[in-house]
4 protein chains.
Amino acid sequence: MAGSGFGTIFRVTTFGESHGAALGAIVEGCPAGLPLSEADITPFMARRRPGQNALSTPRKEADEAQILSGVFEGKTTGTPICLLIRNTNARSADYEHLRDVYRPGHADFGFSEKYGIRDHRGGGRSSGRETAARVAAGAVAQILLRKLGIRCEAWLSAIGDLPIARGAEISAGSPSACPSAAPAMADVSDSINRLLQRLRETGDSVGSTVTLSVTGLPAGLGEPVFDKLDANLAKAMFSIGAVKGLDIGDGHRAALSYGSENNDAFRMEDGRVVKASNHSGGILGGLSDGGELRLTVYFKPTPSISRPQMTVTKDGAETELSIHGRHDPVIGPRAAVVVEAMAALVLADALLVGMSSRLSDVESFYRARLTP
Amino acid sequence: MAGSGFGTIFRVTTFGESHGAALGAIVEGCPAGLPLSEADITPFMARRRPGQNALSTPRKEADEAQILSGVFEGKTTGTPICLLIRNTNARSADYEHLRDVYRPGHADFGFSEKYGIRDHRGGGRSSGRETAARVAAGAVAQILLRKLGIRCEAWLSAIGDLPIARGAEISAGSPSACPSAAPAMADVSDSINRLLQRLRETGDSVGSTVTLSVTGLPAGLGEPVFDKLDANLAKAMFSIGAVKGLDIGDGHRAALSYGSENNDAFRMEDGRVVKASNHSGGILGGLSDGGELRLTVYFKPTPSISRPQMTVTKDGAETELSIHGRHDPVIGPRAAVVVEAMAALVLADALLVGMSSRLSDVESFYRARLTP
Amino acid sequence: MAGSGFGTIFRVTTFGESHGAALGAIVEGCPAGLPLSEADITPFMARRRPGQNALSTPRKEADEAQILSGVFEGKTTGTPICLLIRNTNARSADYEHLRDVYRPGHADFGFSEKYGIRDHRGGGRSSGRETAARVAAGAVAQILLRKLGIRCEAWLSAIGDLPIARGAEISAGSPSACPSAAPAMADVSDSINRLLQRLRETGDSVGSTVTLSVTGLPAGLGEPVFDKLDANLAKAMFSIGAVKGLDIGDGHRAALSYGSENNDAFRMEDGRVVKASNHSGGILGGLSDGGELRLTVYFKPTPSISRPQMTVTKDGAETELSIHGRHDPVIGPRAAVVVEAMAALVLADALLVGMSSRLSDVESFYRARLTP
Amino acid sequence: MAGSGFGTIFRVTTFGESHGAALGAIVEGCPAGLPLSEADITPFMARRRPGQNALSTPRKEADEAQILSGVFEGKTTGTPICLLIRNTNARSADYEHLRDVYRPGHADFGFSEKYGIRDHRGGGRSSGRETAARVAAGAVAQILLRKLGIRCEAWLSAIGDLPIARGAEISAGSPSACPSAAPAMADVSDSINRLLQRLRETGDSVGSTVTLSVTGLPAGLGEPVFDKLDANLAKAMFSIGAVKGLDIGDGHRAALSYGSENNDAFRMEDGRVVKASNHSGGILGGLSDGGELRLTVYFKPTPSISRPQMTVTKDGAETELSIHGRHDPVIGPRAAVVVEAMAALVLADALLVGMSSRLSDVESFYRARLTP
């Protein structure tokens, strides 16, 4: 069905398979007048690009998003922006042995049951590579948010049970491929290095955690019932492959707490309503509450592992499978920018949808247009 | 905006405030020919109805859903089913002191910022009472699922840090208002009683957890990218007020595990593909994988507490607030049926949307209609 | 499927059958702060109400729309507005002989093929009575439009080949039931009376035409491609039962004209861009052009006639059918307010959706909210 | 806003400007297993391609649609199909003089009011060239319809007041560029030639008419209220630029007729319900009635004419304008395939959406999947 579209006013529709000619996205509803160039998108793509360090697959892709429409003389025109990303380094032959086998932890069996036919090359449409289109589209949303003074940032906050501080960048070219920014992280870097080394030796993978923070949001974003801001964010996050858990604010820990602890008191500061704490993660009753938006996304381990696993073929034969492709041992490092992109898409849409909730705003908007 | 609708083919749209004339829902897209009566809906409403035990507000509401359309001679006709629930026991005067104050942990401040106007009585549209309409609509979805042999069940699985076993019903009329079914639960009952007693004494509330299990689902339900089955379930769950966390399958614990543990091996059983374990919770790559669908929802504590809290008024004055209304000290007991309802709505829609994914099915469906 | 909803931000969802308990609508997305009462809706309902004169069915229905939600202390709150219209004068037994027969010109056969089951009483969901819910919802849209200085008016412009001037009201109680306002219409009144008399004698019905005019619209409403303003209006008009043709501006006559005639020259007037003529009917390239919006809707004759017709039963037997119910001999008189309602729904939605098309507007809207 | 998408299950989203890098479409929801290649799409593109004869602009475009995704080993996979059409022969400099002027009969003024910015080159997004993406997407829908035995065909049925018989092809290369197939059309050919000659001499354009016929449709397609089959077709047709009128079946002439004439009697034929006539054009009450679907679309004259016209600039200066670009003097000849494409998109969607309207069908579909 239609299921590759997301959003109401600011809406993205994606296409593309891991080993097809290209992936891409159409971004509808971006307001006219936003300065936008391919160079603005490149830094976002770079954060997701494979082949950066020991944490990611050695598949090399330029991952440049080309703008095919919707931009004229350096600014958006209000018409759909098509973003195209060519696949250049697909090695489809690597996947021939997977044509008829269902990989554990993957969508293969579900695809076969649903469609009866399946592009087995690199996971086809359900490849992690599909997120390249989201990042390109999310970059447009991010650039819009920044214009409005909203800062949306996600980072890898844990590999397995090893927490990573915000701002600790995964160093790109380093042989250690571990957090480098903060000196205090040295121990963690060592621990991560040891973990990665063990994964390489055992042909295994591990789970990870990504945290998102958004500041500068107005209060009152979102809709009260089904289109709550957290509901749309939750859909956005679980639409990313391998996500298995989500916390908004205190998240699952809120279920252990008391009301007197969990409630955030309101108080006044410089004439504005602010909260004394932020257990809510910036959302109350589905609407932004003016505080920092904070959520945590939990990724399962990469399902493609070289350790032998038991599985079945599409003809119903049981078999043993070892997957030797180009796969990240941890999903989080390259997924942080995807989390950020999906959040930005949700927020851009909520901002545009939210402009008509008060009659007084609608009236002043149109009175200005209708009176000479 | 439009934000009170949910679903594509099987779609529900709700309306109503806590202290207005009525709440209700329109259910579109229910297939024609389903036996349906008001009596079929009553048992679902009863599980959410207030005033049942010490765990829930003493507000008494009949909560009978009247069917106004879409059913003819005992069967659905395919046209929209309107379900109406009258409010009969609203005591709006109880809320007069809340007219101008923002309750911590509630949507009040966000509503004021968004709309500039607010029905303060009982939380208005963002009251937990809004879920009565979801339960009525979800009952229709549940009845449809059962016709297809699909069993969808949610239960209160923890109050604070006290786990509760499946099947341990919260006994309705009992003074203890605690799990009664399983003898082995006696200790837990005692613990819960002590916790509730303490909450009453301190004017506090506590968080809770609800678990959902669905069996009998075909594999391949859901859409690969943004409309993943887990993405739509996540939206459904976070659209319920007070939900702060969600796990699908192993959930947040998957982030701590290794791929070799987390992957579920496939094997054959009676000529069918089955999984040897279920870390995935029945969903892989956004599609049902044929296993049991299992998810856990984390509720924050009821934000309405009688302990004094600091907050502000809409005029920017700081004030102390004690909320003395009729509120549940724990959200989970009455929310389990809401979780079930939202899951059933997602699944009913996925089932109907999923009928056209293979050309061979479309062809055989229409060839039968077009050939004499 | 979901198919009873209409609109994106300002969205209406309807329910109800001719002979069920009630009909109604949920209106989502109406901005908060609009003064609204049941009395405001009554005049619109009155124009559609049956039993007014010789042009309409003698079925008497109070047709009062009750507001069940979304209004607090006389103003809309931004939450869904449920409008309920009880059926009080259904005489279902009148329709028993139609239970198994397909009425020519009606949806009966299509319903049977689609759903396998059919509420035959008064046409069920496909009764003209379904439009009562549209008129109630359209009234809310109209009240919003008026606040913005937009005037939306439809009138019966022809019965068969007899044209009727704007402002010539169909006199309600008069035995002639024909246009009364304009003295110059005397001849037409006589002609209409003679036509109606002939229809009564022959048990026949006749087609009609309704014209819509909207003034005060800003230029630039609508979306360039699939959601063109005229596209959405066309859908709205053809969603009304019995509509078979539509002209926007010159309409079908434009196909006979030359570009040099059909193009409307632009010129300046009081510092504003205006058009020297209005062949376009106020829409160019899918966007409002600042001129009067004008369209004409063509209704087929009422299909329920008492003259004998050949048809078949659901069991495949050929039979002769004479329909003796309570039916209008002409659809247009009561349909004018339905045309107006549907147009108002389209325009209200376009106005709200259209607020975010320029970055400068989005920026100034949110900068005001975010800066203390 | 999002406004470049169309459809629910079978959904197309388009992008692209006349003088940008490319145009294209994403087709979602096409069932898996449909044989599809670029060569299958070419014949449809050829019918819309410019530069074919005296009736069309001399701008030469290869107009080849490249398939970037959704097809694997010659068959659709169920995932989105991206179709890309490169712009190769844009001569943007031709349009420099139109940068600041509003062309009469075009969307220029509305675009400026809506977006504040405008890609003036060749009409930008509101160019007729935008329909190339629709034709490519419509080709996929057409190929699906043919698999189901449904034949959807549109043809130029009049130029101005000169009617053209079905099957009278506009001869591509001929200097006369007029209907050639039928000898009986010779007089019409002469008339058309004379008309075109006169238009060339006077720098003018003329209106036209396109007729659509669809055979092989099952009865019961469409939804009863807002998503009536005719409502969706009407939206589809008016979403095509320059369409000003639409008739379904008898269309506007139905408003002049009597019920006894306009109703189509049902009768039995070979054990099937058929209609004795087809005034309805194959749709009753919004549902297909089993008869031939027939509609007529009325196009205004091409608004770009070289005769001088009065207009204004965006700075409010009145000016005279002569448009010397590469424009068709009549829109209909190349628009017929666009009408066909839009109809095919509506029908493909209605067919897929319509599979779940009966419980018995849903049950038998899933019982087969769930029982070993």
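1. A quick term before we start: a residue is called buried when its relative accessible area is under 20%, exposed when over 50%, and partly exposed in between, using a 1.4 Å probe and the protein chains only. Bear in mind that this is a predicted model, where local features need pLDDT of at least 70, side-chain atom pairs count only at pLDDT 80 or more, and totals for chains, interfaces and linings use all residues. Residues are numbered from 1 along each chain as its sequence is written, chains are lettered from A and ligands numbered from 1 in the order in which they are written, and side-chain values use heavy atoms, with hydrogens and water left out.

2. Have a look at helix H7 of chain A, residues 332-353. Helices here are DSSP runs of H or I with at least four residues, strands are E runs of at least two, and both are numbered from the N terminus. Because 22 of the 22 residues of H7(A) are buried, the helix is largely enclosed by the rest of the structure. From first C-alpha to last it reaches 31 Å, close to the expected 32 Å (1.5 Å times one less than its number of residues).

3. Next, the loop between H7 (332-353) and H8 (359-370) of chain C, where C:Ser356 sits. This serine is buried, at 3% relative accessible area. Contact means heavy atoms within 4.5 Å; leaving out residues up to four places away in sequence, C:Ser356 touches A:Ile9, A:Pro31, A:Leu352, A:Met355 and C:Val362.

4. A:Tyr366, in helix H8 (residues 359-370) of chain A, is also worth a click. A:Tyr366 is buried, with a relative accessible area of 3%. Setting aside neighbours within four places in sequence, its contacts include C:Pro218, C:Leu221, C:Ala350 and C:Met355.

5. On to chains D and A: 43 residues of chain D contact 44 of chain A. Between them about 3400 Å² is buried, with carbon and sulfur atoms giving 62% (accessible area, 1.4 Å probe, lost when the two parts are put together, summed over both). D:Leu68, D:Phe72 and D:Ile117 supply 17% of what chain D buries against chain A, more than any other three residues.

6. Finally, charges across that interface. The rule finds two salt bridges between chain D and chain A, a salt bridge being a side-chain nitrogen of Lys or Arg within 4 Å of a carboxyl oxygen of Asp or Glu. A:Glu73 pairs with D:Arg99 in a salt bridge, the closest N and O atoms being 2.7 Å apart. On the side of chain D that touches chain A, strand S2(D) gives the most, with five residues.
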